[in-house]
Amino acid sequence: MVHHDGTTVRWLGYATLRLAGDGVVVYCDPGRYGVLDGIEPNDGDVICITHAHHYDSDAVRQVAADDATLVVFEGIDTNRIDRDVDRPADLPYEVRWVDSETDIAVGPATGDRQDGPRPGEVFVRTVPAYNDRDGDVPHPKGRGCGYHLTLPSVWDRDVTVFWPGDTDVLDGHAALDVSLFCPPIGGGPTMDRHEAAALAEALDPNLVLPIHYDTLDVLETDADAFVVDVAGRGVPVVLDEPAR
């Protein structure tokens with residue numbers, strides 16, 4: 001677990017992030033490949049799903065509180081998922097469908113404040129996420145999104161968290177205002193550790209916490225080398241190794 005600017009962050013493995021701000025808990029892409037084995041916290045106020053590869057209805061039930069809001073990319077079609085999953089609409093939660101250019105406020109408390117979220121509230125901004133390369137790619141344009149989340153902190157400041165999703169580095173990523181950057185570094189279906197380090201330097205966040213590596217053979221990478229690379233660029237970086 002990592003503490004950052006009055007929030008707590010935990011990488012549970014694969015793409016699963018748990019973020020706890022002031023009065024609100026957010027999960028990004030919960031589940032798959034055993035990352036939630038043995039736990040059923042049911043404390044998530046907001047559950048964000050980037051694309052079909054990371055949609056797991058059983059995992060949503062494991063992490064979601066009774067009154068959770070499920071934020072789901074509109075391109076997710078359960079009829080095209082070759083796993084036994086339930087439709088988001090059939091889950092007992094409020095569902096907010098988003099595209100790759102959405103701005104919404106969600107969480108236990110929502111209000112009219114424009115300069116930042118209130119306790120219990122999250123500002124959710126989506127950004128495009130896809131493989132910007134030639135040939136047959138695992139993540140074509142229009143199949144997923146990334147999340148830029150603004151959470152209230154117990155230190156009376158807002159924390160902006162960027163989970164790009166399964167994507168290459170895209171135009172516009174470096175222009176975001178980011179406090180905590182959580183890039184995928186496994187390469188293969190996403191940016192690799194070298195590309196993620198260069199993006200971290202361009203973003204200049206307060207902290208980098210890499211995720212989406214080593215869960216599968218195709219995602220194996222040298223996380224320690226990533227840390228050395230990012231630190232050498234003058235950007236704070238930390239690892240949060242999930243239990244195996």
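1. Arg-125 sits in strand β9 (residues 122-128) and Asp-103 in strand β8, so to speak a link between distant parts of the chain, 22 residues apart. Helices (H or I, at least four residues) and strands (E, at least two) are DSSP runs, numbered from the N terminus.2. Some housekeeping: this is a predicted model, where local features need pLDDT of at least 70 and side-chain atom pairs count only at pLDDT 80 or more, while totals for chains, interfaces and linings use all residues. Residues are numbered from 1 along each chain as its sequence is written, and side-chain values use heavy atoms, with hydrogens and water left out.

2. Back to that pair, and how open its two ends are. For accessibility, buried means under 20% relative accessible area, exposed means over 50%, and partly exposed is in between (1.4 Å probe, protein chains only). Arg-125 comes out at 37% and is therefore partly exposed, whereas Asp-103, at 56%, is exposed.

3. The search of the whole structure finds nine salt bridges. One of them joins the side chains of Arg-61 and Asp-86, at 2.7 Å from N to O. Arg-61 belongs to helix α1 (residues 57-63), and Asp-86 to the loop between β6 (64-73) and β7 (94-98); the pair links distant parts of the chain, 25 residues apart. Both ends are partly exposed: Arg-61 has a relative accessible area of 30%, and Asp-86 has 31%. Asp-58 also joins in, as Asp-58, Arg-61 and Asp-86 are linked in a network of salt bridges.

4. Another charged pair to look at is Arg-233 with Glu-201, where the closest N and O atoms are 2.7 Å apart. Arg-233 is partly exposed at 29% relative accessible area, and Glu-201 is partly exposed at 40%.

5. Now the inside. A nonpolar core is a set of buried Ala, Val, Leu, Ile, Met, Phe, Trp, Tyr and Cys residues joined through side-chain atoms within 4.5 Å. The largest one has 49 residues, and the members that touch the most others are Leu-17, Val-26, Val-71, Val-122 and Leu-149. Helix α2 (residues 193-203) supplies the largest share of this core, five residues. There is also a second, separate core of 23 residues, with Val-35, Tyr-55, Ala-64 and Val-72 among them.

6. Contact means heavy atoms within 4.5 Å. Leaving aside neighbours within four places in sequence, Val-26 is in contact with Leu-17, Arg-18, Leu-19, Val-46, Cys-48, Val-122, Leu-149 and Leu-151.

7. Not counting residues up to four places away in sequence, Thr-16 touches Arg-10, Trp-11, Cys-28, Asp-29, Pro-30, Gly-31 and Val-35.

8. On to the sheet. Two strands pair if DSSP finds at least two bridges between them. Six strands form an open sheet with mixed pairing, in the order β8-β9-β10-β11-β12-β13. Its edge strands, β8 (103-106) and β13 (207-208), each pair on one side only.

9. Within that sheet, β10 (residues 145-152) and β11 (residues 158-163) run antiparallel and are joined by six bridges. Tyr-147 stands opposite Trp-163 in β11, and Leu-151 has Val-159 in β11 as its bridge partner. The two strands form a hairpin with five residues between them, and Asp-156 in the turn has a positive phi of about 60°.

10. With β12 (residues 180-181), β11 pairs in the parallel sense over two bridges. Phe-162 stands opposite Phe-181 in β12. As for cover, five of the six residues of β11 are buried.

11. Last, two backbone spots to check by eye. Asp-5, in the loop between β1 (2-4) and β2 (7-13), has a positive phi of about 50° although it is not a glycine. Asp-5 is buried, with a relative accessible area of 18%. Asp-204 is another non-glycine residue with a positive phi, near 50°, and its place is in the loop between α2 and β13.

Technical notes
Salt bridge = Lys/Arg side-chain N within 4 Å of Asp/Glu carboxyl O.
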